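Please look through the sequence and the three-dimensional view below before reading on. The paragraphs after it are meant to be read with both at hand.

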Amino acid sequence: MASVRLQPVLRAKAIPRVSVLSKRSVHDLTIATPPNAQTPPKPIIRYGPPTGGRSSDSGHTVTVFGSTGFLGRYLVQKLARQGTQVVIPYRDEDEKRRLKIMGDLGQIVPLEWDARNPDQTAEAVRHSDVVYNLVGRDYETRNYSYEDVNVGVAKSIADVCSSLDVPRLIHVSHLNASPDSASAFYRTKFAGERAVRDAFPQATIVRPSQLFGYEDWLLNGIAQWPIFFKLNEGKTKLLPVHVMDVAAALDKMLNSPVTSVASTFALPGPVLHTYNSLHTLVSQFTMKPVSSAPTLPKPVAKLFATAVNQGIWWPTISPDEIERKYIDDLGIDTFAPSTAATGAPAGWSQTDKNAMVGIDGEPVKTWADLDMVPDLIEEHAIKILRRYRPATAYDTPVETQHIKPTKQYHVLP
(Lines give C-alpha, C1' and ligand atoms only; values in the text may rest on other atoms or scores of the structure.)
Protein backbone atom coordinates (compact mmCIF):
# COMPACT_ATOMS: atom_id res chain seq x y z
CA MET A 1 0.00 0.00 0.00
CA ALA A 2 2.86 2.36 0.78
CA SER A 3 4.39 1.82 -2.63
CA VAL A 4 1.08 2.63 -4.29
CA ARG A 5 0.81 5.90 -2.38
CA LEU A 6 4.36 6.86 -3.33
CA GLN A 7 3.99 6.18 -7.03
CA PRO A 8 2.67 9.69 -7.92
CA VAL A 9 5.56 11.24 -6.00
CA LEU A 10 8.14 9.09 -7.73
CA ARG A 11 6.65 9.87 -11.14
CA ALA A 12 6.69 13.57 -10.38
CA LYS A 13 10.37 13.48 -9.43
CA ALA A 14 11.25 11.59 -12.58
CA ILE A 15 9.79 14.32 -14.85
CA PRO A 16 12.35 17.09 -15.42
CA ARG A 17 11.03 20.59 -14.74
CA VAL A 18 11.66 23.16 -17.44
CA SER A 19 11.38 26.80 -16.47
CA VAL A 20 9.83 28.99 -19.15
CA LEU A 21 11.32 32.47 -19.16
CA SER A 22 9.29 35.23 -20.76
CA LYS A 23 11.45 37.63 -22.72
CA ARG A 24 10.84 41.34 -22.40
CA SER A 25 11.67 43.90 -25.07
CA VAL A 26 12.16 47.64 -24.94
CA HIS A 27 8.76 48.33 -26.46
CA ASP A 28 7.10 46.30 -23.67
CA LEU A 29 8.07 48.93 -21.08
CA THR A 30 6.45 52.36 -20.83
CA ILE A 31 7.17 54.95 -18.16
CA ALA A 32 4.10 57.02 -17.29
CA THR A 33 5.26 60.42 -16.09
CA PRO A 34 2.71 62.17 -13.86
CA PRO A 35 2.10 65.92 -14.25
CA ASN A 36 3.45 66.53 -10.75
CA ALA A 37 7.24 66.19 -10.75
CA GLN A 38 7.20 65.18 -7.07
CA THR A 39 5.30 61.97 -7.82
CA PRO A 40 7.50 59.04 -8.92
CA PRO A 41 6.96 57.70 -12.46
CA LYS A 42 4.85 54.59 -12.93
CA PRO A 43 6.25 51.69 -15.01
CA ILE A 44 3.78 50.00 -17.36
CA ILE A 45 4.85 46.54 -18.53
CA ARG A 46 3.14 44.64 -21.32
CA TYR A 47 2.72 40.86 -21.08
CA GLY A 48 1.44 38.22 -23.44
CA PRO A 49 1.33 37.99 -27.24
CA PRO A 50 1.96 41.24 -29.11
CA THR A 51 -1.21 40.76 -31.16
CA GLY A 52 -3.35 41.26 -28.05
CA GLY A 53 -6.32 39.15 -27.04
CA ARG A 54 -7.70 37.83 -23.80
CA SER A 55 -4.41 36.17 -22.83
CA SER A 56 -2.47 39.43 -23.10
CA ASP A 57 -2.06 42.30 -20.67
CA SER A 58 -1.16 45.75 -21.93
CA GLY A 59 -0.28 46.91 -18.41
CA HIS A 60 -2.54 49.95 -18.72
CA THR A 61 -5.52 50.78 -16.53
CA VAL A 62 -7.76 53.20 -18.40
CA THR A 63 -10.92 55.05 -17.38
CA VAL A 64 -13.33 55.99 -20.18
CA PHE A 65 -16.00 58.52 -19.24
CA GLY A 66 -18.84 58.47 -21.76
CA SER A 67 -18.03 54.87 -22.72
CA THR A 68 -21.64 53.99 -23.59
CA GLY A 69 -21.91 56.72 -26.22
CA PHE A 70 -21.45 56.40 -29.97
CA LEU A 71 -17.66 56.86 -29.97
CA GLY A 72 -17.06 55.36 -26.52
CA ARG A 73 -18.26 51.86 -27.40
CA TYR A 74 -15.76 51.56 -30.25
CA LEU A 75 -12.92 52.92 -28.12
CA VAL A 76 -13.62 50.47 -25.28
CA GLN A 77 -13.65 47.60 -27.77
CA LYS A 78 -10.22 48.57 -29.09
CA LEU A 79 -8.75 49.00 -25.62
CA ALA A 80 -10.21 45.80 -24.19
CA ARG A 81 -9.05 43.53 -26.99
CA GLN A 82 -5.44 44.51 -26.12
CA GLY A 83 -5.83 43.28 -22.56
CA THR A 84 -6.24 46.76 -21.11
CA GLN A 85 -8.20 47.01 -17.88
CA VAL A 86 -10.97 49.51 -18.63
CA VAL A 87 -12.93 51.25 -15.90
CA ILE A 88 -16.36 52.21 -17.27
CA PRO A 89 -18.35 54.69 -15.17
CA TYR A 90 -22.10 54.49 -15.86
CA ARG A 91 -24.98 56.70 -14.74
CA ASP A 92 -28.17 54.60 -14.85
CA GLU A 93 -29.56 51.13 -15.41
CA ASP A 94 -29.95 51.74 -19.15
CA GLU A 95 -26.22 52.31 -19.50
CA LYS A 96 -25.55 49.32 -17.25
CA ARG A 97 -27.49 47.08 -19.64
CA ARG A 98 -25.31 48.31 -22.50
CA LEU A 99 -22.20 47.42 -20.50
CA LYS A 100 -23.27 43.77 -20.36
CA ILE A 101 -22.73 43.61 -24.12
CA MET A 102 -19.13 44.84 -23.76
CA GLY A 103 -18.40 43.06 -20.48
CA ASP A 104 -17.00 39.91 -22.09
CA LEU A 105 -14.08 41.75 -23.71
CA GLY A 106 -10.84 42.10 -21.78
CA GLN A 107 -11.06 43.36 -18.21
CA ILE A 108 -14.16 45.55 -18.02
CA VAL A 109 -14.81 47.17 -14.64
CA PRO A 110 -18.23 48.89 -14.44
CA LEU A 111 -18.53 51.56 -11.77
CA GLU A 112 -21.60 53.59 -10.86
CA TRP A 113 -20.92 57.29 -11.32
CA ASP A 114 -22.60 60.59 -10.56
CA ALA A 115 -21.07 63.36 -12.69
CA ARG A 116 -21.74 65.93 -9.96
CA ASN A 117 -19.97 63.90 -7.25
CA PRO A 118 -16.17 64.45 -7.29
CA ASP A 119 -15.66 61.58 -4.84
CA GLN A 120 -17.13 59.09 -7.31
CA THR A 121 -15.02 60.61 -10.08
CA ALA A 122 -11.93 60.14 -7.92
CA GLU A 123 -12.87 56.52 -7.27
CA ALA A 124 -13.10 55.93 -11.04
CA VAL A 125 -9.67 57.39 -11.88
CA ARG A 126 -7.54 56.68 -8.80
CA HIS A 127 -5.95 53.53 -10.28
CA SER A 128 -5.74 54.67 -13.91
CA ASP A 129 -2.73 55.90 -15.83
CA VAL A 130 -4.82 57.29 -18.72
CA VAL A 131 -8.27 58.90 -18.56
CA TYR A 132 -10.50 59.55 -21.57
CA ASN A 133 -13.30 62.10 -21.33
CA LEU A 134 -15.89 61.43 -24.03
CA VAL A 135 -18.83 62.87 -22.11
CA GLY A 136 -21.08 65.02 -24.29
CA ARG A 137 -24.67 65.65 -25.32
CA ASP A 138 -26.08 66.93 -28.60
CA TYR A 139 -29.17 68.21 -26.79
CA GLU A 140 -30.00 69.73 -23.42
CA THR A 141 -32.17 68.04 -20.79
CA ARG A 142 -33.90 69.20 -17.63
CA ASN A 143 -31.01 67.87 -15.56
CA TYR A 144 -28.01 68.86 -17.69
CA SER A 145 -27.44 71.88 -19.91
CA TYR A 146 -24.63 72.30 -22.43
CA GLU A 147 -22.73 74.29 -19.81
CA ASP A 148 -23.13 71.51 -17.25
CA VAL A 149 -21.95 68.70 -19.54
CA ASN A 150 -19.35 70.31 -21.79
CA VAL A 151 -17.79 72.64 -19.20
CA GLY A 152 -18.78 71.62 -15.67
CA VAL A 153 -18.27 67.87 -15.99
CA ALA A 154 -15.10 68.31 -18.07
CA LYS A 155 -13.61 70.68 -15.49
CA SER A 156 -14.53 68.36 -12.63
CA ILE A 157 -12.82 65.38 -14.28
CA ALA A 158 -9.70 67.43 -15.06
CA ASP A 159 -9.53 68.80 -11.50
CA VAL A 160 -9.78 65.32 -9.99
CA CYS A 161 -7.18 63.89 -12.38
CA SER A 162 -4.80 66.72 -11.54
CA SER A 163 -5.26 66.32 -7.78
CA LEU A 164 -4.65 62.55 -7.96
CA ASP A 165 -1.60 62.93 -10.26
CA VAL A 166 -3.11 60.88 -13.07
CA PRO A 167 -0.32 60.78 -15.71
CA ARG A 168 -2.46 61.54 -18.78
CA LEU A 169 -5.87 62.98 -19.69
CA ILE A 170 -7.37 62.85 -23.22
CA HIS A 171 -10.34 65.16 -23.73
CA VAL A 172 -12.59 64.84 -26.81
CA SER A 173 -14.05 68.13 -28.06
CA HIS A 174 -15.35 69.06 -31.54
CA LEU A 175 -13.78 70.39 -34.73
CA ASN A 176 -16.13 73.41 -34.67
CA ALA A 177 -15.38 74.42 -31.07
CA SER A 178 -15.26 78.21 -31.10
CA PRO A 179 -16.00 80.98 -28.59
CA ASP A 180 -17.83 83.03 -31.25
CA SER A 181 -20.03 80.28 -32.70
CA ALA A 182 -23.76 80.80 -33.13
CA SER A 183 -24.27 77.36 -31.56
CA ALA A 184 -24.25 77.05 -27.77
CA PHE A 185 -22.94 73.51 -28.16
CA TYR A 186 -19.83 74.68 -30.01
CA ARG A 187 -19.27 77.61 -27.62
CA THR A 188 -19.38 75.36 -24.57
CA LYS A 189 -17.10 72.84 -26.26
CA PHE A 190 -14.49 75.58 -26.57
CA ALA A 191 -15.08 76.66 -22.97
CA GLY A 192 -14.64 73.04 -21.92
CA GLU A 193 -11.25 72.89 -23.63
CA ARG A 194 -10.19 76.03 -21.78
CA ALA A 195 -11.36 74.62 -18.43
CA VAL A 196 -9.57 71.31 -19.01
CA ARG A 197 -6.26 72.94 -19.94
CA ASP A 198 -6.43 75.31 -16.96
CA ALA A 199 -6.86 72.37 -14.59
CA PHE A 200 -4.62 69.87 -16.44
CA PRO A 201 -2.01 71.68 -18.61
CA GLN A 202 -0.68 68.43 -20.14
CA ALA A 203 -4.10 67.31 -21.35
CA THR A 204 -4.53 66.08 -24.93
CA ILE A 205 -7.45 67.67 -26.79
CA VAL A 206 -9.03 65.88 -29.75
CA ARG A 207 -11.34 67.67 -32.19
CA PRO A 208 -13.14 65.24 -34.50
CA SER A 209 -15.67 66.40 -37.07
CA GLN A 210 -19.13 64.90 -37.69
CA LEU A 211 -18.98 61.14 -37.04
CA PHE A 212 -20.61 58.51 -39.20
CA GLY A 213 -21.02 54.81 -38.46
CA TYR A 214 -23.57 52.09 -37.82
CA GLU A 215 -25.57 53.99 -35.18
CA ASP A 216 -24.86 57.51 -36.42
CA TRP A 217 -27.24 60.46 -36.63
CA LEU A 218 -25.91 61.44 -40.05
CA LEU A 219 -26.52 58.77 -42.70
CA ASN A 220 -29.29 57.13 -40.68
CA GLY A 221 -30.79 60.55 -40.05
CA ILE A 222 -30.79 61.45 -43.74
CA ALA A 223 -32.41 58.10 -44.60
CA GLN A 224 -35.13 58.44 -41.95
CA TRP A 225 -35.67 62.20 -41.49
CA PRO A 226 -34.43 63.90 -44.68
CA ILE A 227 -36.37 67.11 -44.01
CA PHE A 228 -33.97 68.09 -41.19
CA PHE A 229 -31.02 67.84 -43.58
CA LYS A 230 -32.68 70.03 -46.21
CA LEU A 231 -32.10 73.10 -44.03
CA ASN A 232 -29.95 75.86 -45.53
CA GLU A 233 -31.00 74.35 -48.87
CA GLY A 234 -28.57 71.51 -48.15
CA LYS A 235 -25.54 73.73 -48.86
CA THR A 236 -23.85 73.39 -45.46
CA LYS A 237 -20.31 72.01 -45.87
CA LEU A 238 -19.00 69.29 -43.61
CA LEU A 239 -16.14 66.79 -43.35
CA PRO A 240 -17.64 63.51 -42.07
CA VAL A 241 -15.18 61.09 -40.48
CA HIS A 242 -15.59 57.41 -39.67
CA VAL A 243 -16.12 56.69 -35.97
CA MET A 244 -13.75 53.69 -36.18
CA ASP A 245 -10.94 55.96 -37.42
CA VAL A 246 -11.40 58.36 -34.50
CA ALA A 247 -11.50 55.43 -32.05
CA ALA A 248 -8.29 54.07 -33.60
CA ALA A 249 -6.67 57.51 -33.26
CA LEU A 250 -7.61 57.68 -29.57
CA ASP A 251 -6.23 54.17 -29.15
CA LYS A 252 -2.92 55.19 -30.74
CA MET A 253 -2.61 58.10 -28.34
CA LEU A 254 -2.61 55.61 -25.45
CA ASN A 255 0.85 54.29 -26.39
CA SER A 256 2.34 57.45 -27.91
CA PRO A 257 2.78 59.99 -25.10
CA VAL A 258 5.53 61.93 -26.88
CA THR A 259 3.23 62.57 -29.83
CA SER A 260 0.04 63.33 -27.94
CA VAL A 261 0.78 64.90 -24.53
CA ALA A 262 -0.17 68.61 -24.37
CA SER A 263 -1.24 68.48 -28.02
CA THR A 264 -4.40 69.36 -29.91
CA PHE A 265 -5.53 67.08 -32.72
CA ALA A 266 -8.01 68.09 -35.42
CA LEU A 267 -9.48 64.99 -37.08
CA PRO A 268 -11.63 65.94 -40.08
CA GLY A 269 -12.86 63.56 -42.74
CA PRO A 270 -10.90 63.20 -45.99
CA VAL A 271 -13.60 64.46 -48.40
CA LEU A 272 -15.64 67.65 -48.42
CA HIS A 273 -19.39 67.04 -48.55
CA THR A 274 -22.58 69.04 -48.39
CA TYR A 275 -25.91 67.77 -47.15
CA ASN A 276 -27.06 67.74 -50.77
CA SER A 277 -24.19 65.46 -51.78
CA LEU A 278 -24.96 63.19 -48.83
CA HIS A 279 -28.61 63.06 -49.93
CA THR A 280 -27.37 61.87 -53.33
CA LEU A 281 -25.08 59.34 -51.66
CA VAL A 282 -27.92 57.96 -49.53
CA SER A 283 -30.13 57.75 -52.61
CA GLN A 284 -27.45 55.82 -54.49
CA PHE A 285 -26.97 53.20 -51.78
CA THR A 286 -30.62 52.82 -50.75
CA MET A 287 -31.75 52.75 -54.41
CA LYS A 288 -34.49 55.23 -53.65
CA PRO A 289 -35.05 58.65 -55.20
CA VAL A 290 -33.68 61.72 -53.42
CA SER A 291 -36.19 63.01 -50.91
CA SER A 292 -38.53 65.73 -52.16
CA ALA A 293 -39.08 67.10 -48.64
CA PRO A 294 -39.40 70.91 -48.58
CA THR A 295 -36.78 73.26 -47.16
CA LEU A 296 -38.13 74.68 -43.92
CA PRO A 297 -37.30 78.28 -42.98
CA LYS A 298 -34.94 78.51 -40.02
CA PRO A 299 -37.46 80.14 -37.61
CA VAL A 300 -40.10 77.53 -38.43
CA ALA A 301 -37.65 74.67 -37.90
CA LYS A 302 -36.51 76.09 -34.56
CA LEU A 303 -40.12 76.61 -33.42
CA PHE A 304 -40.97 73.03 -34.35
CA ALA A 305 -37.89 71.69 -32.52
CA THR A 306 -38.75 73.71 -29.40
CA ALA A 307 -42.35 72.45 -29.35
CA VAL A 308 -41.31 68.83 -29.89
CA ASN A 309 -38.71 68.96 -27.12
CA GLN A 310 -41.23 70.32 -24.63
CA GLY A 311 -43.93 67.81 -25.55
CA ILE A 312 -41.91 64.59 -25.95
CA TRP A 313 -39.58 63.20 -23.32
CA TRP A 314 -37.29 61.18 -25.62
CA PRO A 315 -34.61 62.96 -27.69
CA THR A 316 -35.62 64.09 -31.17
CA ILE A 317 -33.93 67.29 -32.41
CA SER A 318 -33.11 70.41 -30.45
CA PRO A 319 -33.16 74.08 -31.56
CA ASP A 320 -29.37 74.19 -31.25
CA GLU A 321 -29.07 71.25 -33.63
CA ILE A 322 -31.10 73.27 -36.13
CA GLU A 323 -28.58 76.08 -35.72
CA ARG A 324 -25.70 73.68 -36.34
CA LYS A 325 -27.23 72.64 -39.66
CA TYR A 326 -26.31 76.16 -40.91
CA ILE A 327 -22.66 76.14 -39.75
CA ASP A 328 -19.85 74.93 -42.04
CA ASP A 329 -17.03 72.87 -40.55
CA LEU A 330 -14.01 74.94 -39.54
CA GLY A 331 -11.61 72.51 -41.16
CA ILE A 332 -12.75 73.48 -44.66
CA ASP A 333 -10.55 76.60 -44.75
CA THR A 334 -7.83 75.15 -42.54
CA PHE A 335 -7.01 71.80 -44.11
CA ALA A 336 -6.38 70.76 -47.68
CA PRO A 337 -6.35 67.17 -48.94
CA SER A 338 -3.15 65.90 -50.48
CA THR A 339 -3.42 63.27 -53.23
CA ALA A 340 -1.02 60.52 -54.10
CA ALA A 341 0.06 59.61 -57.61
CA THR A 342 -2.85 57.17 -57.89
CA GLY A 343 -5.36 59.89 -57.05
CA ALA A 344 -6.32 58.23 -53.77
CA PRO A 345 -6.56 60.39 -50.64
CA ALA A 346 -3.35 60.39 -48.61
CA GLY A 347 -4.62 62.14 -45.50
CA TRP A 348 -4.88 65.78 -44.56
CA SER A 349 -2.11 68.35 -44.26
CA GLN A 350 -2.46 71.77 -42.72
CA THR A 351 -2.11 74.81 -44.95
CA ASP A 352 -0.80 78.27 -44.11
CA LYS A 353 -4.16 79.89 -44.84
CA ASN A 354 -6.17 80.50 -41.66
CA ALA A 355 -4.10 77.92 -39.78
CA MET A 356 -6.01 76.34 -36.90
CA VAL A 357 -4.36 76.53 -33.50
CA GLY A 358 -5.00 74.83 -30.19
CA ILE A 359 -6.57 76.32 -27.10
CA ASP A 360 -3.16 77.58 -25.93
CA GLY A 361 -2.00 78.69 -29.38
CA GLU A 362 -0.06 75.50 -30.12
CA PRO A 363 0.01 74.15 -33.71
CA VAL A 364 -2.76 71.68 -34.37
CA LYS A 365 -1.75 68.13 -35.25
CA THR A 366 -3.59 66.03 -37.80
CA TRP A 367 -3.94 62.48 -39.10
CA ALA A 368 -0.42 62.63 -40.56
CA ASP A 369 1.06 62.99 -37.06
CA LEU A 370 -0.67 59.73 -36.10
CA ASP A 371 0.46 58.04 -39.33
CA MET A 372 -3.18 57.42 -40.27
CA VAL A 373 -5.33 57.92 -43.37
CA PRO A 374 -9.06 58.34 -42.65
CA ASP A 375 -11.48 56.25 -44.68
CA LEU A 376 -13.95 57.66 -47.18
CA ILE A 377 -17.61 57.71 -46.32
CA GLU A 378 -18.32 55.98 -49.64
CA GLU A 379 -16.37 52.91 -48.44
CA HIS A 380 -18.68 52.28 -45.47
CA ALA A 381 -22.02 53.81 -46.45
CA ILE A 382 -23.38 50.59 -47.95
CA LYS A 383 -22.97 48.75 -44.63
CA ILE A 384 -24.98 51.45 -42.87
CA LEU A 385 -27.65 52.08 -45.51
CA ARG A 386 -28.32 48.60 -46.90
CA ARG A 387 -31.17 48.03 -44.44
CA TYR A 388 -33.11 50.93 -46.01
CA ARG A 389 -33.17 49.24 -49.41
CA PRO A 390 -36.29 47.56 -50.80
CA ALA A 391 -36.31 43.79 -50.42
CA THR A 392 -36.03 43.25 -54.17
CA ALA A 393 -32.68 45.13 -54.33
CA TYR A 394 -31.20 44.24 -50.94
CA ASP A 395 -28.23 42.25 -52.32
CA THR A 396 -27.53 44.35 -55.39
CA PRO A 397 -23.76 45.13 -55.48
CA VAL A 398 -22.45 48.68 -55.51
CA GLU A 399 -19.30 50.05 -57.16
CA THR A 400 -17.72 52.98 -55.31
CA GLN A 401 -14.79 53.42 -57.76
CA HIS A 402 -12.47 54.42 -54.91
CA ILE A 403 -9.04 52.91 -54.29
CA LYS A 404 -8.13 52.30 -50.69
CA PRO A 405 -4.37 52.83 -50.23
CA THR A 406 -2.27 50.33 -48.35
CA LYS A 407 -1.67 51.36 -44.74
CA GLN A 408 1.96 51.12 -43.64
CA TYR A 409 2.91 49.93 -40.17
CA HIS A 410 4.64 52.50 -38.02
CA VAL A 411 5.27 52.90 -34.29
CA LEU A 412 4.68 56.35 -32.78
CA PRO A 413 6.87 57.64 -29.96
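This is a predicted model: local features need pLDDT of at least 70, side-chain atom pairs count only at pLDDT 80 or more; totals for chains, interfaces and linings use all residues.

Residues are numbered from 1 along each chain as its sequence is written, and side-chain values use heavy atoms, with hydrogens and water left out.

The protein chain has 14 helices and 15 strands, where helices (H or I, at least four residues) and strands (E, at least two) are DSSP runs numbered from the N terminus. Of its 413 residues, 45% count as buried; buried means under 20% relative accessible area, exposed means over 50%, and partly exposed lies in between, with a 1.4 Å probe and protein chains only. The chain exposes about 21100 Å², of which carbon and sulfur atoms supply 56%, the areas coming from the Shrake-Rupley method with a 1.4 Å probe, and for residues only the protein chains shown count as cover. Among contacts (heavy atoms within 4.5 Å) between residues at least 6 apart in sequence, 73% join residues at least 24 apart.

On one side of the pairing scheme, strand β6 (residues 130-133) pairs with β7 in the parallel sense over four bridges, pairing being assigned if DSSP finds at least two bridges between two strands. Within this pairing, Y132 has I170 as its bridge partner in β7. The chain crosses from β6 through helix α5 (residues 146-163) to β7, and this β-α-β crossover is right-handed, a term used if, with the strands pointing away from the viewer, the path from the first strand over the helix to the second runs clockwise.

Strand β7 also pairs in the parallel sense with strand β8 (residues 204-208), here over three bridges, and V172 stands opposite V206 in β8. Together with helix α6 (residues 184-199), β7 and β8 make a right-handed β-α-β unit. As for β6, both of its faces are covered, with V130 and Y132 buried on one side and V131 and N133 buried on the other. Four bridges join β6 to strand β3 (residues 61-65), and these two run parallel; V62 has V130 as its bridge partner in β6.

Leaving aside neighbours within four places in sequence, the residues in contact with L238 include Q210, L218, V271, H273, Y275, D329 and I332.

The aromatic side chains come last. Rings of Phe, Tyr and Trp (its six-membered ring) pair if their centres lie within 6.5 Å, and planes under 30 degrees apart count as stacked, over 60 as edge-to-face and the rest as tilted. By this rule the count comes to eight aromatic pairs. The rings of W225 and F228 have their centres 6.4 Å apart and their planes at 40°, so this pair is tilted. W225 counts as exposed at 54% relative accessibility, whereas F228 is buried at 14%.
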